Amino acid sequence: MENSETNFVTIIKEICEEQSIQLTSLGGDWGFLLKKGEKKGHIVGYQFGLNTAVSAELCSDKSMASELLAAEGVPCVPHHCFMAPHMFQYVGGNGNWEKLERLLEQYGTMVCKDNRGTGGREVYLVRSQKELEQAADRIFDRADAMAVSPYCEIRREYRVILLDQEVMVVFLKIRQHLTGDGRQSIRHLYADYLAEGGTGQAIIEKKDLERVLGVGEEYPLNWKHNLGQGAYAQVLSEEATKDICDLARQAAECLGIRFASVDVADTAKGIRVLEVNSGVMMENLAGMSREYRQLAKSIYERAIFKML
C-alpha cells in the first residue's frame with residue numbers, strides 16, 4: 001500500500017477538507033503543512049506539532065525514557081542501552097558483552113530491541129548466549145543502539161492515548177490465540193486455525209507443537225502484543241481502567257509530552273509503563289472497523305484543532 005492510501009493520510013485529508021483547512025503535502029504525504037487563517041501547523045510522520053523536540057526525543061529513546069520514569073518514581077519496565085560497535089567512538093568503554101552476559105544471567109530471559117524502534121520490529125526474546133548474539137547482530141546491523149529489558153509475563157497490555165492529559169481512548173491489546181479442546185495438539189489446532197483463515201504472525205515453540213491443550217486453555221500465538229502483528233483492540237472505558245489511565249498520565253507528565261500513546265503492561269508485579277510513543281499511530285486500529293476509524297479520526301481532529 002502506498003503511503004497516500006493509508007488510513008492516516010486519508011483521515012488527515014478528510015479532516016482538512018471538512019474543516020476548510022488548507023493542506024500542503026510534503027515528501028509524498030510523509031509530512032503536511034496545515035493552514036487556517038493566520039495559523040499554521042505541521043505533521044511529520046505520526047508526529048504532530050504539539051510536542052517539544054526534547055519531549056519527543058525522550059520518548060523515542062526507550063532506555064532514556066525508562067531511566068527518567070524510574071528517577072521520578074513512575075513504575076516502568078527498565079530498558080538498558082547498549083551502543084552498536086560502530087558507535088563506540090562516541091561512548092568509549094570496554095564494549096558490550098560483559099555487561100550483556102551479566103544481564104542475561106540476572107534476568108534469565110530478556111527482550112532485545114532497537115532502542116528507537118516501533119511496531120514490534122527488530123524485537124527478540126533471548127534466553128541463551130546464542131540467541132543474544134543473534135539478536136544483537138541483527139539489531140546492530142540496522143540500529144545505532146539496542147535496548148535490553150527483563151522479559152515480563154504480561155497478563156494484559158493496554159494502550160492509552162492522551163492529549164493534554166485527557167484520555168482520548170484506552171484499549172486492551174488482545175493477542176490471537178488457540179483454544180484447547182482436551183484432545184488435539186497445538187500443531188493440529190494451529191493447522192485448523194490457518195484453514196479457517198486465521199492471520200497474524202505466529203511464534204510457536206517447537207517443544208510445544210505436540211502438547212495437548214486442556215479444554216478452554218488458551219495458547220497465545222505471539223508473545224508480542226502489537227496490533228501490527230496480529231493482535232486486535234478492545235476499547236474500554238476510562239472508568240474501568242482508572243489505574244491504567246492514571247499511570248499513563250504520570251508517565252506523560254514526567255516526559256513533558258502533550259500528545260502521546262502510552263503502553264501499560266499488567267504484570268505479576270503490578271502495572272508498569274512499557275513505552276511512551278510521541279508519534280500517535282492508529283493505522284491498525286482504524287482498519288479494524290468503521291467505528292474505530294471514526295474514533296481515530298475524532299482524535300486526530302482534536303489534535304489538529306489544538307495545533308491551529
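Reader: At what angle do the axes of helix α3 and helix α8 cross?

Author: This is a predicted model, in which local features need pLDDT of at least 70, side-chain atom pairs count only at pLDDT 80 or more, and totals for chains, interfaces and linings use all residues. Residues are numbered from 1 along each chain as its sequence is written, and side-chain values use heavy atoms, with hydrogens and water left out. The axes of α3 (residues 62–71) and α8 (residues 242–255) come within 10 Å, and they cross at roughly 105 degrees.

Reader: How are α3 and α8 therefore oriented to each other?

Author: Angles of 65 to 115 degrees count as roughly perpendicular. The crossing is at roughly 105 degrees, and therefore α3 and α8 are roughly perpendicular.

Reader: Which residues of α8 does α3 meet?

Author: Contact means heavy atoms within 4.5 Å. From α3, Ala65, Leu68 and Leu69 take part, and they meet Ala251, Cys254 and Leu255 in α8. The residues of this contact divide into six nonpolar, no polar and no charged.

Reader: Which residues of strand β7 are buried on each side?

Author: In a regular strand the side chains alternate between the two faces of the sheet. Both faces of β7 (residues 123–126) are covered, with buried residues (under 20% relative accessible area, 1.4 Å probe, protein chains only). On one side these are Val123 and Leu125, and on the other Tyr124 and Val126.

Reader: Which residue in β7 is the bridge partner of Cys112?

Author: Strand β6 (residues 110–114) and β7 pair (at least two bridges found by DSSP) in the antiparallel sense over four bridges. The partner of Cys112 in β7 is Tyr124.

Conventions:
Axes are lines fitted to C-alpha atoms, for helices over the stretch in contact, and angles run from 0 to 180 degrees between N-to-C directions. Angles under 35 degrees count as roughly parallel, over 145 as roughly antiparallel, 65 to 115 as roughly perpendicular and the rest as oblique. Ala, Val, Leu, Ile, Met, Phe, Trp, Tyr, Cys and Pro count as nonpolar, Asp, Glu, Lys and Arg as charged, and the others, Gly among them, as polar. Buried means under 20% relative accessible area, exposed over 50%, partly exposed in between (1.4 Å probe, protein chains only).
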